[in-house]
Amino acid sequence: MPSIDKNAHELWDIFDDNRNPTGRTVTRGTALGDNENHLVAICYLVNSKGKLLFTRRAKSKVMAGYWECPGGGVLSGEDTLTAAIRETLEEVGIAVRAEDATLYSTIHADHTFYDNWLFPCDVSIDQLVLQESEVDAAKWVSAAEFARMEREHTVLEGIDYFALLES
């Protein structure tokens with residue numbers, strides 16, 4: 001049976017540099033031009049011990065083996081909160097609630113608006129249901145462990161997850 005490329009069917013709405021919708025929709029992977037951006041939702045799942053849930057990118061993905069917080073591209077017609085809830089359920093099997101969410105930062109870089117959503121979440125790792133095509137492991141990470149992961153270059157670079165939480 002041939003495999004299906006889910007990215008071939010993923011559509012993104014395009015926004016200008018001021019985050020105004022352009023009315024344009026593209027297929028994921030389409031090169032974006034000047035003043036063209038898409039949306040990404042990042043899900044900061046924080047437990048009562050102040051640890052963040054990190055997932056390891058599956059071997060089939062670009063940047064395989066690196067650790068990151070769950071998240072992904074916002075589909076055409078979605079808002080970033082809806083995408084954050086969807087991505088969390090898809091990637092780790094956790095049903096977070098909109099009423100528990102806090103949008104605590106937005107970063108604009110590389111043709112992308114990253115909306116960083118915070119959700120309280122106290123579940124054990126053995127309760128997670130990992131989406132094997134996206135992630136192959138998960139763990140709760142303290143700020144000290146995150147610093148070690150950065151030194152070892154095992155976390156996606158360019159994002160200081162804990163500094164964002166402190167801001």
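Is N35 buried or exposed, or does it lie in between? N35 is partly exposed, with a relative accessible area of 40%; buried means under 20% relative accessible area, exposed over 50%, and partly exposed in between (1.4 Å probe, protein chains only). The model is predicted, and local features need pLDDT of at least 70, side-chain atom pairs count only at pLDDT 80 or more, while totals for chains, interfaces and linings use all residues. Residues are numbered from 1 along each chain as its sequence is written, and side-chain values use heavy atoms, with hydrogens and water left out.

N35 has a positive phi of about 60° although it is not a glycine, and its place is the loop between β2 (21-27) and β3 (38-46). Helices (H or I, at least four residues) and strands (E, at least two) are DSSP runs, numbered from the N terminus. H153, likewise not a glycine, has a positive phi near 55°. This residue lies in the loop between α2 (143-151) and α3 (161-166) and is partly exposed, at a relative accessible area of 48%.

The charged side chains form 15 salt bridges, a salt bridge being a side-chain nitrogen of Lys or Arg within 4 Å of a carboxyl oxygen of Asp or Glu. In one of them D115 pairs with R19, the closest N and O atoms being 2.7 Å apart. This pair links distant parts of the chain, since D115 is in strand β8 (residues 112-120) and R19 in the loop between β1 (11-15) and β2, 96 residues apart. D115 is buried at 2% relative accessibility, whereas R19 is partly exposed at 27%.

K59 forms a salt bridge with D136, with closest N and O atoms 3.9 Å apart. K59 lies in the loop between β4 (52-57) and β5 (67-68) and D136 in strand β9 (residues 135-141), so the pair ties together parts that are 77 residues apart in sequence. Here K59 is exposed, with a relative accessible area of 74%, and D136 is partly exposed at 30%.

R86 and E87 form a salt bridge with closest N and O atoms 3.1 Å apart, and both residues are buried. Salt bridges that share partners join E78, R86, E87 and E90 into one network.

E91, in helix α1 (residues 80-92), is buried yet has no salt bridge; the nearest side chain of opposite charge, K61, is 6.0 Å away. A polar atom of the E91 side chain lies 3.4 Å from the backbone nitrogen of G71.

Notes. Lys and Arg count as positive and Asp and Glu as negative; His and the chain ends are not counted. A polar contact is a pair of N or O atoms within 3.5 Å; within protein, one must be able to donate a hydrogen and the other to accept it, and residues adjacent in sequence count only if both atoms are side-chain atoms.
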